[in-house]
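My notes follow the order in which I checked them.

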Amino acid sequence: MILVCQESLSDETRQKLSLSNKLKETESEISRLQDQLDDEEDAKVALQKNLSQAQAQVGEQIYSHYFAPTKG
């Protein structure tokens, strides 16, 4: 009977360690994915800024070509 209880406790301990390891792996994966998401958000902001600048330049060129007063 004691041997059966010890084996049961040993199995329970192994299961707890396994779950603990899986939890740590999952937390690590969450952290990695959060870092990746942060990096992608930073890249998105940079692209939006570049796009806005390009649109402004195009708008200025169109204005200066079609609407700006000409000399002469």
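I started with Y66, which I list as exposed because its relative accessibility is 61%. My cut-offs: buried means under 20% relative accessible area, exposed over 50%, and partly exposed in between, with a 1.4 Å probe and protein chains only.

Before going on, I noted that this is a predicted model, where local features need pLDDT of at least 70, side-chain atom pairs count only at pLDDT 80 or more, and totals for chains, interfaces and linings use all residues. Residues are numbered from 1 along each chain as its sequence is written, and side-chain values use heavy atoms, with hydrogens and water left out.

I placed Y66 in helix 1. Helices here are DSSP runs of H or I with at least four residues, strands are E runs of at least two, and both are numbered from the N terminus. Next I looked at F67, in the segment after helix 1 (2-66). F67 is exposed too, at 58% relative accessible area.

Y66 and Q15 are 51 residues apart in sequence and 75 Å apart in space, C-alpha to C-alpha.

**Entry: the salt bridges**

Side chains of opposite charge can pair when their charged atoms come close. My rule was a side-chain nitrogen of Lys or Arg within 4 Å of a carboxyl oxygen of Asp or Glu. How many salt bridges does this rule give? I count three.

- R14 meets D11 at 2.3 Å, N to O. Both lie in helix 1, three residues apart, about one turn. D11 is partly exposed at 37%.
- K16 meets E12 at 3.2 Å, N to O. They are separated by about one helical turn because they sit four residues apart in helix 1. K16 is exposed at 54%, while E12 is partly exposed at 35%.
- E29 meets R32 at 2.7 Å, N to O. Both lie in helix 1, three residues apart, about one turn. E29 is partly exposed at 35%, and R32 is partly exposed at 42%.
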